[in-house]
Each structure stands twice: as structure tokens, then as C-alpha cells.
Amino acid sequence: MTPVELSRSVLCAVRRAVDEGELAVAVPERALVTVPGPGGCGDYATNIALQLARPAGQPALRVAEILRSHLAGADGVADVVVTGPGFLNIRLGGTASVALVEEILRRGDRYGYAKGPSADFVPLSCPREVRAVVVMDAVARILRSQGAAVRTRCEAELPQEWVDVLGVRVDTVGGGSGRPGESDTVGRRGDDARPRATRHQPVPPDDLPHYALRPVPAPLDPLFLGRDAARWALLHPAEHDRPRVTDEHLVQRESNPLFRVRYAYARTRALSRNAADLGFSAEPGPVEPSTGQFTDRLTSQSPAHLTPHALQTALADHPRVLAQAAAHRAPDRLARHLVAVADAALPLPAVVLPRGAEKPSAAHRARLALAEAAGAVLAGGLTLLGIDAPEHL
């Protein structure tokens with residue numbers, strides 16, 4: 001179950017409470033579902049009860065209890081706990097986690113993409129500055145993943161080395177106009193991560209106002225870092241933050257977020273190869289056997305917040321992150337999300353493969369499926385940022 005689907009379930013619970021006369025409120029258009037904060041529990045939390053308390057004329061805790069009774073029976077919801085002044089903390093059931101992994105494996109690195117073109121036309125423009133051009137290129141990729149038609153424009157012609165090294169390009173230069181979607185999806189490096197406009201998606205008119213992207217400029221030329229590290233250095237910080245263009249983005253150690261993301265992806269691919277050598281493959285299912293062996297082994301080697309639930313929550317959040325990155329023209333949100341997925345996937349390699357004389361079990365296959373789902377999200381996200389996802393690192 002994704003956060004979007006869970007949000008719909010929360011709204012259905014509100015609607016049932018209204019229909020049964022327990023709450024006298026207008027059903028809101030959306031319910032915010034996030035990762036639980038301090039003092040929370042479960043996989044997700046929502047403040048919908050606090051939002052409805054005043055219009056309902058009841059204490060937030062009372063509203064939360066009413067909604068808890070309706071939400072607890074929803075498909076995919078295992079438990080609902082009220083904490084603090086009225087937060088609903090939701091734990092998903094095992095079948096919901098299995099369905100999530102199945103969906104990710106079915107859609108691969110296009111998980112989180114829109115299922116078809118939308119009616120959105122987004123003309124983007126930027127100055128002739130290296131960070132602005134790279135940010136615009138990534139924003140265009142993310143918008144196209146959400147079904148939008150995009151036209152990009154730069155104030156002046158790009159230097160050829162930006163095109164050659166950074167893999168950026170624009171549709172028009174200066175005040176000219178061009179048709180979006182002239183490129184199609186290419187490979188893992190992201191050159192072709194630009195879904196082509198279809199005959200069902202009309203070409204936007206030329207006179208639409210452009211959305212101007214003007215992030216804080218790069219302090220120096222990043223080309224010496226090479227494509228992947230240079231793009232990460234420019235995309236990982238928020239638009240208003242000054243990027244750090246140093247060789248720290250090239251070091252292969254845990255202090256480098258780009259290394260952690262790419263290393264996590266490479267490990268998932270290594271797990272698939274090693275599992276094939278042992279004669280088993282991924283099969284979505286419960287990752288924790290009834291003995292609790294998986295949880296014990298995982299938590300004994302990792303910080304407390306790195307659990308299967310943390311990874312599943314991060315994977316389920318991926319479509320929402322892509323939608324927000326597109327809506328706010330903020331590729332840094334996707335970059336930070338990939339770091340969170342990579343960190344949550346860190347414990348998996350220790351428990352996916354059988355040890356010694358141990359035979360591959362259903363739990364091993366399920367853990368491998370979860371690892372491959374994490375790999376698909378990491379690869380898809382890196383591709384949208386225009387960064388290579390190497391299988392060997």
C-alpha cells in the first residue's frame with residue numbers, strides 16, 4: 001500500500017464516520033500521511049483528527065478514536081494506535097507489504113511513474129549557468145516521468161562540454177520555441193530518460209509563460225568531477241543552498257551519499273547474482289519467519305531504525321516523492337529520498353543469502369525480492385537524475 005492509497009483509506013474512514021453521524025464535518029480533499037515523528041509508531045501517521053477537531057466541535061483525541069475504529073478494518077491495515085494529542089499511527093499488514101514489492105518488481109525502474117500522459121504542459125527556462133542547466137534537465141526528466149509535456153529553454157547556447165560531459169541539452173535557445181518530447185527514453189545513464197510526447201498528448205502552445213529555474217549558482221566549474229559526481233553535487237543540495245563542488249563526491253566511503261546510493265544498488269544486483277548461483281530467485285512474501293530469526297539478526301547488526309518496515313515505508317513513499325519533486329521543481333527531494341532508501345537497505349545483504357548448510361527458504365526468497373525492489377527504486381531514481389547506476393562498484 002502506497003501513501004496515496006493509505007490517504008484514500010483515511011478519507012474513506014472519515015466519510016464512513018460522517019455517514020454514520022459520528023462526525024459532522026466536510027470530508028477534506030486530502031489526508032496527509034507521513035512517516036511517524038518522535039513518539040509515534042507503526043509505518044505511517046496522519047494528523048487528520050487534529051485537522052477535523054475544530055470543525056467537528058470535539059476534542060482531537062475523541063475524533064481520533066472515532067476514526068481509528070473505522071480505519072482499523074481497512075484492507076492492508078494491521079493496527080491503528082492513537083498517540084500524542086490525536087495522531088493516528090498506522091501499521092500495515094503483511095499482505096500490503098507483499099503487494100508493494102510485487103508492484104515494484106512488476107514496474108521495475110519505472111515504479112512511481114505516471115501510467116500515462118497527463119494534460120500538463122510545463123515550459124521551463126534557465127540562465128546559461130551550469131547548475132541551472134543541470135537542475136532544469138533533471139526537473140524535465142522528473143516531470144516527464146509524471147506524464148507532463150515539457151519544453152526547456154536556455155537564455156544562450158550551451159557550451160559543448162556541458163553537453164558532452166554532463167549530458168544536458170535544451171529544446172530551444174533564447175526566445176525561440178520548440179516542440180517537447182523530441183527525445184525518447186534511452187538507457188541506465190539517463191540520456192534517454194525523457195518519455196516522448198504521444199499523439200494523445202497535444203503539443204503545448206508557444207506563448208505559455210515559462211517557469212524560470214534559478215538555483216544558487218555553482219561556485220566553480222564542476223566538469224572535473226565527471227558526469228555522475230558533478231550532477232549529484234549540483235542536484236543533491238536544495239535550490240537555495242550553495243553546492244559544494246569538491247572531490248569529496250568521488251571518494252568511495254560512507255560519508256559520500258552518492259557512493260552509498262550507488263553501492264546499495266550494486267549490492268542488490270550482487271545479491272541476485274549470488275542467489276542465482278545458489279539456485280533460488282526472488283519471490284515476494286513475508287520477510288520475517290515466525291521464529292523472529294530475521295529480526296534478531298538484522299537488529300543485532302544495524303541501528304534500531306534500520307528495519308524491514310523502514311525500507312518498505314521508504315519504497316512505498318517513492319511515488320509521492322516523485323510527484324512532489326515534479327510539483328515543486330525540486331530534484332533534491334528525489335536525491336535525498338534515494339539516500340534514505342539506500343540507508344534503509346543497508347542491513348539486507350546480511351540476511352538475504354543462506355548461511356553455511358542452511359537451505360534457501362521462502363523467507364530468503366522474500367528478502368531477495370525486497371532487495372531487488374530497493375534496487376529498482378534506486379536505479380530508477382538515479383536515472384531520473386541523469387546518473388549512472390552501475391551493477392559493479
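**Stop one: the antiparallel sheet**

Start with the open sheet of four strands that runs in the order S1-S2-S4-S3, with antiparallel pairing. Helices (H or I, at least four residues) and strands (E, at least two) are DSSP runs numbered from the N terminus, and two strands pair if DSSP finds at least two bridges between them. Select strand S1 (33–34) and strand S3 (77–83): these are the edge strands, and each pairs on one side only.

A word on what you're looking at: this is a predicted model, where local features need pLDDT of at least 70, side-chain atom pairs count only at pLDDT 80 or more, and totals for chains, interfaces and linings use all residues. Residues are numbered from 1 along each chain as its sequence is written, and side-chain values use heavy atoms, with hydrogens and water left out.

Now pick strand S2 (residues 44–46) and strand S4 (residues 87–92), which pair in the antiparallel sense over three bridges. Zoom in on Tyr 44 and you'll find Ile 90 of S4 opposite.

**Stop two: helices around H3**

Next, show helix H2 (residues 48–56) along with H3: their axes come within 8 Å and cross at roughly 115 degrees. (Axes are lines fitted to C-alpha atoms, for helices over the stretch in contact, and angles run from 0 to 180 degrees between N-to-C directions.) Which residues of H2 meet H3? Ile 48, Ala 49, Leu 50, Leu 52, Ala 53 and Ala 56 do, against Ala 60, Val 63, Ala 64 and Leu 67 in H3; contact means heavy atoms within 4.5 Å.

To see the contact, select Ser 9, Val 10, Ala 13, Val 14, Arg 16 and Ala 17 of H1 with Ile 66, Leu 67, His 70 and Leu 71 of H3.

**Stop three: the parallel sheet**

Move on to another open sheet of four strands, ordered S7-S6-S5-S8 with parallel pairing. Strand S7 (172–173) and strand S8 (211–212) are at the edges with a single partner strand each, so one side of each has no neighbour in the sheet. Strand S5 (residues 121–126) runs parallel to S8, joined by two bridges, and Leu 124 sits opposite Tyr 211 in S8. Finally, bring up helix H5 (residues 130–145), which packs on the sheet and touches S5 and strand S6 (149–154); the direction of H5 makes about 170 degrees with that of S5.
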